[in-house]
Amino acid sequence: MRVNPFYISNLAGSLNQTQASEQELTAELASGVRVNSLSDDPLAAGENVLLLNQIQRDDSFTQTSSLVQGQLQVADSALGGVVSQLTQAISLATRANNGTLNGSDLKSISSQLAGIRDEVVALANTSYQGQYIFGGSQTGTVPFSISNATTPATAVYSGDATVNYLETPNGQRIQWNVPGDQIFTGAGANDVLGVLNRLVADFAGGSAAATSVVDTTALTTALNFVSQQRVVLDNSTTRLAAATDAANNEKTQLTASQTNLMQADVANIATQLSLSEAQQKALESVIAQLGGGSLFDKM
(Lines give C-alpha, C1' and ligand atoms only; values in the text may rest on other atoms or scores of the structure.)
Protein backbone atom coordinates (compact mmCIF):
# COMPACT_ATOMS: atom_id res chain seq x y z
CA MET A 1 0.00 0.00 0.00
CA ARG A 2 1.38 3.42 -0.94
CA VAL A 3 1.86 5.79 1.99
CA ASN A 4 2.30 9.57 1.83
CA PRO A 5 5.83 10.18 3.23
CA PHE A 6 4.84 13.73 4.22
CA TYR A 7 1.87 12.62 6.29
CA ILE A 8 3.47 13.45 9.67
CA SER A 9 4.85 16.79 8.51
CA ASN A 10 1.47 17.71 7.02
CA LEU A 11 -0.18 16.91 10.33
CA ALA A 12 2.38 19.08 12.12
CA GLY A 13 1.71 21.92 9.66
CA SER A 14 -2.02 21.61 10.25
CA LEU A 15 -1.41 21.72 13.98
CA ASN A 16 0.66 24.89 13.65
CA GLN A 17 -2.08 26.53 11.58
CA THR A 18 -4.70 25.52 14.11
CA GLN A 19 -2.64 26.93 16.98
CA ALA A 20 -2.10 30.19 15.07
CA SER A 21 -5.83 30.41 14.39
CA GLU A 22 -6.52 29.83 18.09
CA GLN A 23 -4.15 32.63 19.07
CA GLU A 24 -5.79 35.00 16.59
CA LEU A 25 -9.30 34.09 17.77
CA THR A 26 -8.27 34.41 21.42
CA ALA A 27 -6.77 37.87 20.80
CA GLU A 28 -9.88 38.95 18.88
CA LEU A 29 -12.12 37.68 21.66
CA ALA A 30 -10.06 39.50 24.31
CA SER A 31 -9.92 42.83 22.46
CA GLY A 32 -13.45 42.76 21.12
CA VAL A 33 -12.07 44.04 17.79
CA ARG A 34 -12.16 41.87 14.73
CA VAL A 35 -9.70 43.88 12.60
CA ASN A 36 -6.36 44.40 14.31
CA SER A 37 -4.25 44.79 11.18
CA LEU A 38 -4.71 45.63 7.50
CA SER A 39 -4.29 41.97 6.53
CA ASP A 40 -7.24 40.90 8.68
CA ASP A 41 -9.73 42.71 6.40
CA PRO A 42 -8.24 45.30 4.01
CA LEU A 43 -11.64 46.63 2.93
CA ALA A 44 -12.90 47.08 6.49
CA ALA A 45 -9.59 48.63 7.55
CA GLY A 46 -9.87 51.17 4.72
CA GLU A 47 -13.47 52.01 5.61
CA ASN A 48 -12.41 52.39 9.23
CA VAL A 49 -9.79 55.00 8.29
CA LEU A 50 -12.40 57.01 6.36
CA LEU A 51 -14.87 56.85 9.25
CA LEU A 52 -12.22 57.89 11.77
CA ASN A 53 -11.24 60.86 9.57
CA GLN A 54 -14.88 61.98 9.35
CA ILE A 55 -15.31 61.58 13.11
CA GLN A 56 -12.15 63.62 13.72
CA ARG A 57 -13.41 66.32 11.33
CA ASP A 58 -16.71 66.59 13.20
CA ASP A 59 -14.95 66.55 16.55
CA SER A 60 -12.55 69.31 15.49
CA PHE A 61 -15.46 71.43 14.25
CA THR A 62 -17.47 71.07 17.46
CA GLN A 63 -14.44 72.07 19.54
CA THR A 64 -13.83 75.15 17.38
CA SER A 65 -17.53 76.02 17.26
CA SER A 66 -17.65 76.03 21.06
CA LEU A 67 -15.00 78.76 21.14
CA VAL A 68 -16.68 80.71 18.35
CA GLN A 69 -20.06 80.50 20.07
CA GLY A 70 -18.44 81.93 23.19
CA GLN A 71 -17.03 84.85 21.22
CA LEU A 72 -20.34 85.51 19.48
CA GLN A 73 -22.10 85.63 22.84
CA VAL A 74 -19.51 88.06 24.23
CA ALA A 75 -19.78 90.23 21.10
CA ASP A 76 -23.56 90.32 21.32
CA SER A 77 -23.40 91.22 25.01
CA ALA A 78 -20.94 94.04 24.24
CA LEU A 79 -23.18 95.43 21.51
CA GLY A 80 -26.13 95.17 23.88
CA GLY A 81 -24.15 97.38 26.24
CA VAL A 82 -23.48 99.83 23.39
CA VAL A 83 -27.21 100.01 22.61
CA SER A 84 -27.92 100.85 26.26
CA GLN A 85 -25.25 103.56 26.29
CA LEU A 86 -26.47 105.12 23.04
CA THR A 87 -30.06 105.10 24.27
CA GLN A 88 -28.93 107.03 27.32
CA ALA A 89 -26.92 109.43 25.16
CA ILE A 90 -29.94 110.15 22.95
CA SER A 91 -32.00 110.93 26.05
CA LEU A 92 -29.34 113.36 27.32
CA ALA A 93 -28.90 115.05 23.92
CA THR A 94 -32.66 115.40 23.46
CA ARG A 95 -32.91 117.02 26.88
CA ALA A 96 -30.04 119.36 26.05
CA ASN A 97 -31.79 120.42 22.84
CA ASN A 98 -35.09 121.44 24.48
CA GLY A 99 -33.82 124.97 25.24
CA THR A 100 -34.64 124.93 28.97
CA LEU A 101 -31.19 124.14 30.39
CA ASN A 102 -28.58 126.71 31.43
CA GLY A 103 -24.94 126.72 30.44
CA SER A 104 -23.81 124.75 33.49
CA ASP A 105 -26.37 122.02 32.76
CA LEU A 106 -25.26 121.79 29.15
CA LYS A 107 -21.61 121.46 30.17
CA SER A 108 -22.64 118.70 32.59
CA ILE A 109 -24.44 116.89 29.79
CA SER A 110 -21.35 117.25 27.61
CA SER A 111 -19.29 115.59 30.36
CA GLN A 112 -21.86 112.82 30.70
CA LEU A 113 -21.81 112.27 26.95
CA ALA A 114 -18.00 112.05 27.07
CA GLY A 115 -18.34 109.39 29.76
CA ILE A 116 -20.79 107.47 27.59
CA ARG A 117 -18.42 107.74 24.63
CA ASP A 118 -15.57 106.38 26.75
CA GLU A 119 -17.79 103.49 27.87
CA VAL A 120 -18.64 102.73 24.25
CA VAL A 121 -14.91 102.73 23.43
CA ALA A 122 -14.32 100.29 26.28
CA LEU A 123 -17.05 98.02 24.90
CA ALA A 124 -15.56 98.33 21.41
CA ASN A 125 -12.27 97.11 22.93
CA THR A 126 -13.89 94.00 24.43
CA SER A 127 -11.67 90.92 24.41
CA TYR A 128 -12.41 87.20 24.60
CA GLN A 129 -9.76 84.78 25.79
CA GLY A 130 -7.11 87.46 25.28
CA GLN A 131 -8.21 88.37 21.74
CA TYR A 132 -9.89 91.66 20.80
CA ILE A 133 -13.13 90.72 19.05
CA PHE A 134 -13.79 93.94 17.13
CA GLY A 135 -10.38 94.35 15.51
CA GLY A 136 -10.92 92.24 12.40
CA SER A 137 -7.84 90.04 12.06
CA GLN A 138 -5.77 92.32 14.34
CA THR A 139 -6.90 90.50 17.48
CA GLY A 140 -3.76 91.28 19.46
CA THR A 141 -4.02 95.08 19.20
CA VAL A 142 -6.41 97.36 21.09
CA PRO A 143 -8.77 98.42 18.27
CA PHE A 144 -10.00 101.84 19.40
CA SER A 145 -8.67 104.97 21.04
CA ILE A 146 -9.77 108.61 21.22
CA SER A 147 -7.53 111.48 20.12
CA ASN A 148 -8.34 114.84 21.71
CA ALA A 149 -5.91 116.69 19.44
CA THR A 150 -8.87 118.08 17.47
CA THR A 151 -12.32 119.44 18.28
CA PRO A 152 -14.47 117.42 18.03
CA ALA A 153 -12.23 114.58 19.23
CA THR A 154 -11.34 111.82 16.77
CA ALA A 155 -11.79 108.06 17.09
CA VAL A 156 -8.75 106.07 15.92
CA TYR A 157 -9.21 102.49 14.69
CA SER A 158 -6.13 100.23 14.76
CA GLY A 159 -7.77 97.06 13.44
CA ASP A 160 -8.67 96.06 9.90
CA ALA A 161 -11.77 95.21 7.88
CA THR A 162 -11.29 91.43 7.83
CA VAL A 163 -14.45 89.35 8.21
CA ASN A 164 -13.78 85.87 9.62
CA TYR A 165 -15.74 82.75 8.69
CA LEU A 166 -15.98 79.26 10.13
CA GLU A 167 -16.57 76.44 7.64
CA THR A 168 -18.91 73.67 8.75
CA PRO A 169 -18.32 69.97 7.90
CA ASN A 170 -20.86 70.25 5.06
CA GLY A 171 -19.10 73.26 3.54
CA GLN A 172 -21.25 76.15 4.82
CA ARG A 173 -19.47 79.37 5.82
CA ILE A 174 -20.65 81.14 8.96
CA GLN A 175 -19.55 84.70 9.72
CA TRP A 176 -18.35 84.96 13.30
CA ASN A 177 -17.18 88.56 13.62
CA VAL A 178 -18.02 92.08 12.54
CA PRO A 179 -14.97 94.38 12.15
CA GLY A 180 -15.05 97.31 14.53
CA ASP A 181 -14.72 99.98 11.86
CA GLN A 182 -17.97 98.72 10.33
CA ILE A 183 -19.79 99.09 13.65
CA PHE A 184 -18.23 102.08 15.39
CA THR A 185 -16.66 104.28 12.71
CA GLY A 186 -18.86 103.61 9.67
CA ALA A 187 -19.74 106.09 6.98
CA GLY A 188 -22.05 109.04 7.63
CA ALA A 189 -24.62 108.62 10.38
CA ASN A 190 -23.31 105.11 11.07
CA ASP A 191 -20.17 106.63 12.60
CA VAL A 192 -21.13 105.91 16.23
CA LEU A 193 -18.00 107.33 17.86
CA GLY A 194 -17.87 110.24 15.42
CA VAL A 195 -21.43 111.28 16.29
CA LEU A 196 -20.72 110.95 20.03
CA ASN A 197 -17.62 113.09 19.68
CA ARG A 198 -19.64 115.77 17.86
CA LEU A 199 -22.34 115.76 20.53
CA VAL A 200 -19.73 116.13 23.28
CA ALA A 201 -18.40 119.20 21.45
CA ASP A 202 -21.93 120.51 20.71
CA PHE A 203 -22.61 121.21 24.40
CA ALA A 204 -19.08 121.64 25.78
CA GLY A 205 -19.22 125.44 25.53
CA GLY A 206 -22.35 125.78 27.63
CA SER A 207 -24.70 126.39 24.71
CA ALA A 208 -26.21 124.08 22.11
CA ALA A 209 -24.38 124.19 18.78
CA ALA A 210 -26.35 124.65 15.58
CA THR A 211 -25.59 121.04 14.64
CA SER A 212 -26.75 119.49 17.93
CA VAL A 213 -30.23 118.52 16.72
CA VAL A 214 -28.85 116.98 13.50
CA ASP A 215 -26.21 115.13 15.52
CA THR A 216 -28.86 113.82 17.92
CA THR A 217 -30.87 112.48 14.98
CA ALA A 218 -27.69 110.93 13.57
CA LEU A 219 -27.09 109.17 16.89
CA THR A 220 -30.54 107.55 16.61
CA THR A 221 -29.57 106.30 13.15
CA ALA A 222 -26.27 105.00 14.58
CA LEU A 223 -28.17 103.19 17.34
CA ASN A 224 -30.36 101.45 14.77
CA PHE A 225 -27.25 100.48 12.80
CA VAL A 226 -25.65 98.87 15.88
CA SER A 227 -28.86 96.92 16.45
CA GLN A 228 -28.63 95.64 12.86
CA GLN A 229 -25.10 94.38 13.51
CA ARG A 230 -26.42 92.47 16.52
CA VAL A 231 -28.86 90.75 14.16
CA VAL A 232 -25.91 89.62 12.01
CA LEU A 233 -24.23 88.06 15.04
CA ASP A 234 -27.47 86.55 16.31
CA ASN A 235 -28.06 84.89 12.94
CA SER A 236 -24.54 83.49 13.01
CA THR A 237 -25.13 82.16 16.52
CA THR A 238 -28.30 80.39 15.38
CA ARG A 239 -26.64 78.89 12.30
CA LEU A 240 -23.61 77.80 14.30
CA ALA A 241 -25.76 76.08 16.92
CA ALA A 242 -27.63 74.18 14.17
CA ALA A 243 -24.36 73.18 12.47
CA THR A 244 -22.91 72.01 15.79
CA ASP A 245 -25.98 69.87 16.49
CA ALA A 246 -25.71 68.37 13.00
CA ALA A 247 -22.00 67.61 13.48
CA ASN A 248 -22.67 65.97 16.85
CA ASN A 249 -25.45 63.84 15.37
CA GLU A 250 -23.26 62.82 12.45
CA LYS A 251 -20.42 61.96 14.82
CA THR A 252 -22.77 59.73 16.83
CA GLN A 253 -23.91 57.92 13.68
CA LEU A 254 -20.37 57.55 12.34
CA THR A 255 -19.13 56.22 15.68
CA ALA A 256 -21.91 53.62 15.69
CA SER A 257 -21.01 52.59 12.13
CA GLN A 258 -17.33 52.39 13.03
CA THR A 259 -18.11 50.26 16.06
CA ASN A 260 -20.28 47.88 14.03
CA LEU A 261 -17.59 47.64 11.37
CA MET A 262 -14.77 46.82 13.76
CA GLN A 263 -16.56 45.06 16.62
CA ALA A 264 -15.97 41.34 16.94
CA ASP A 265 -18.86 38.86 16.79
CA VAL A 266 -18.22 37.34 20.21
CA ALA A 267 -20.64 34.43 19.86
CA ASN A 268 -19.29 33.43 16.44
CA ILE A 269 -15.66 33.76 17.59
CA ALA A 270 -16.34 31.65 20.67
CA THR A 271 -17.79 28.91 18.43
CA GLN A 272 -14.82 29.07 16.06
CA LEU A 273 -12.41 28.96 18.99
CA SER A 274 -14.14 25.91 20.45
CA LEU A 275 -13.96 24.11 17.09
CA SER A 276 -10.32 25.10 16.68
CA GLU A 277 -9.45 23.80 20.14
CA ALA A 278 -11.21 20.52 19.36
CA GLN A 279 -9.30 20.25 16.09
CA GLN A 280 -6.02 20.89 17.89
CA LYS A 281 -6.69 18.13 20.39
CA ALA A 282 -7.59 15.72 17.60
CA LEU A 283 -4.40 16.52 15.69
CA GLU A 284 -2.26 16.22 18.81
CA SER A 285 -3.86 12.83 19.53
CA VAL A 286 -3.19 11.53 16.01
CA ILE A 287 0.40 12.75 16.07
CA ALA A 288 0.96 11.20 19.50
CA GLN A 289 -0.36 7.84 18.29
CA LEU A 290 1.76 7.93 15.16
CA GLY A 291 4.78 8.75 17.24
CA GLY A 292 4.43 5.41 19.07
CA GLY A 293 5.57 3.19 16.20
CA SER A 294 5.86 2.73 12.43
CA LEU A 295 3.29 4.34 10.21
CA PHE A 296 2.77 0.85 8.63
CA ASP A 297 1.86 -0.51 12.06
CA LYS A 298 -1.17 1.78 12.04
CA MET A 299 -2.50 0.58 8.64
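The model is predicted: local features need pLDDT of at least 70, side-chain atom pairs count only at pLDDT 80 or more, and totals for chains, interfaces and linings use all residues. Residues are numbered from 1 along each chain as its sequence is written, and side-chain values use heavy atoms, with hydrogens and water left out.

Start with the core. A nonpolar core is a set of buried Ala, Val, Leu, Ile, Met, Phe, Trp, Tyr and Cys residues joined through side-chain atoms within 4.5 Å. Buried means under 20% relative accessible area, exposed over 50%, and partly exposed in between (1.4 Å probe, protein chains only). The largest nonpolar core has 50 residues. Within this core, L86, V120, F184 and L219 touch the most other members. Helices α2 (42–96), α3 (103–124), α4 (180–184), α5 (192–204) and α6 (212–262) each supply at least two of its residues. The most come from α2, which gives 14. Helices (H or I, at least four residues) and strands (E, at least two) are DSSP runs, numbered from the N terminus.

Now look at V120. Leaving out residues up to four places away in sequence, V120 touches V82, Q85, L86, F184, V192, L193 and L196. Contact means heavy atoms within 4.5 Å.

Next, find Q71 in helix α2. Is Q71 buried or exposed? Q71 counts as buried because its relative accessibility is 11%. Its contacts, again without residues up to four places away in sequence, are Y128, I133, W176 and N177.

Finally, turn to the strands. β3 (residues 144–147) and β4 (residues 154–157) run antiparallel, joined by 4 bridges. Two strands pair if DSSP finds at least two bridges between them. S145 has V156 in β4 as its bridge partner. A hairpin of 6 residues links β3 to β4.
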